Amino acid sequence: MADDNSIDSIITKFDKMGGAQRINRYDVLITPPLELNFSANTTPFIASSVQIPTHITTYYQDTMAPSGSYIDIPIKRQVDQMFKIDFIVDYNWNIRNLFEKWIDLIFNRQEGENRNSATINYYDDIIGTININALNENGVTVRTINLYGAWPGTIMPSVMSNDIQNNYLTLQVDMNYRYYDIATPNT
């Protein structure tokens, strides 16, 4: 009798479900605020890696039990409202320019003004949407993770170095978001 936990058995089960999701089959679509006049069709960005959002269940530990172990009671559903995207930087630094302009929009900075402006735009004027599409072997979207109310929290430093040959400059952005959902495309 075959072992149900053998590698061949597990591979067969995945094959029946359509295969396993590969970590290198995805794309990321950014829809920044309209005021930035951004067109994804004219400036494609390549994300070298992206995190899937974290889902957290907060619980209360019931200590009223007279004996035995504590009982964890779920009380709140929340998301870790930050995730990281690493982008490959093009020769024109378009991705860096987009996020610099986006942060300037958050702080209502006009050209030539002090970068430490204390004026902040309205929330609805600074948010965008991020779509992370998981792709199958044929490049067809099988799941989409939509992050709503997204805005850049931190632009991490990029490192240029003479020590590493033939490597790409990357830009990591920590994005904040309000909530997310996972959708299955219409087939």
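The legends below accompany close-up views of a predicted model.

**Figure 1. Overall architecture of the predicted protein model.** The protein comprises 3 helices and 9 strands. Read from the N terminus, these elements follow the order α-β-β-β-β-β-α-α-β-β-β-β. Of the 187 residues in the protein, 27% are buried. Among contacts with a separation of 6 or more, 63% join residues 24 or more positions apart. The accessible surface amounts to about 13600 Å², and carbon and sulfur atoms account for 51% of this area.

Figure 2. Arg-25 belongs to the loop between helix 1 (7-16) and strand 1 (26-31), while Glu-137 belongs to the loop between strand 6 (128-135) and strand 7 (141-155), so the pair ties together parts that are 112 residues apart in sequence. Arg-25 is partly exposed, with a relative accessibility of 30%. Glu-137 also counts as partly exposed, at 47% relative accessibility.

**Figure 3. The salt bridge between Lys-84 and Asp-174.** The side chains of Lys-84 and Asp-174 form a salt bridge with an N to O distance of 3.5 Å. Lys-84 is part of strand 5 (residues 82-88) and Asp-174 is part of strand 8 (residues 170-176); the pair therefore ties together parts that are 90 residues apart in sequence. Are the two partners buried or partly exposed? Lys-84 is partly exposed because its relative accessibility is 29%, whereas Asp-174, at 6%, counts as buried.

**Figure 4. The salt bridge between Arg-96 and Glu-100 in helix 2.** Arg-96 and Glu-100 form a salt bridge in which the closest N and O atoms are 3.0 Å apart. Both residues lie in helix 2 (residues 94-106), and because they are 4 residues apart there, about one helical turn separates them. Arg-96 has a relative accessibility of 23% and is therefore partly exposed. For Glu-100 the value is 22%, which likewise places this residue in the partly exposed class.

**Figure 5. A nonpolar patch on the surface.** Tyr-60, Ile-71, Ile-73 and Ile-75 make up a nonpolar surface patch, and their accessible area together is about 380 Å². Strand 4 (residues 71-79) supplies the largest share of the patch, with 3 residues. Ile-73 is located in strand 4 and is partly exposed, its relative accessible area being 35%. Side chains in a regular strand alternate between the two faces of the sheet.

**Figure 6. The hairpin of strand 6 and strand 7.** Strand 6 and strand 7 run antiparallel and are joined by 8 bridges. Within this pairing, Asn-131 has Asn-146 in strand 7 as its bridge partner. The hairpin has 5 residues between the strands, and Gly-139 adopts a positive phi near 80°.

**Figure 7. Further pairings of strand 7.** Trp-151 is found opposite Asn-176 of strand 8.

**Figure 8. The largest nonpolar core.** The largest nonpolar core contains 29 residues, and those with the most contacts inside it are Ile-85, Phe-87, Ile-95, Phe-99, Ile-130, Leu-147 and Met-175. Two or more residues of this core come from each of strand 1, strand 5, helix 2, strand 6, strand 7 and strand 8. Helix 2 gives the largest share, 6 residues.

**Figure 9. The surroundings of Phe-87.** This view turns to Phe-87, one of the residues with the most contacts inside the largest nonpolar core. Leaving aside residues up to four places away in sequence, Phe-87 touches Ile-30, Phe-45, Ile-46, Ala-47, Ser-48, Ile-95, Phe-99, Leu-169, Thr-170, Leu-171 and Val-173.

Notes: Residues numbered from 1 in each chain as written. Predicted model: local features only at pLDDT ≥ 70, side-chain atom pairs only at ≥ 80, totals over all residues. Heavy atoms only, no water. Buried < 20%, exposed > 50% of the residue type's maximum accessible area, 1.4 Å probe, protein only. Contact = heavy atoms within 4.5 Å. Areas by Shrake-Rupley, 256 points an atom, 1.4 Å probe, with all protein chains shown as cover. Salt bridge = Lys/Arg side-chain N within 4 Å of Asp/Glu carboxyl O. Patch = residues over 30% accessible without salt bridge, like charges linked within 9 Å, V, L, I, M, F, W, Y side chains within 5 Å. Pairing = 2+ DSSP bridges. Core = buried A, V, L, I, M, F, W, Y, C linked by side-chain atoms within 4.5 Å.
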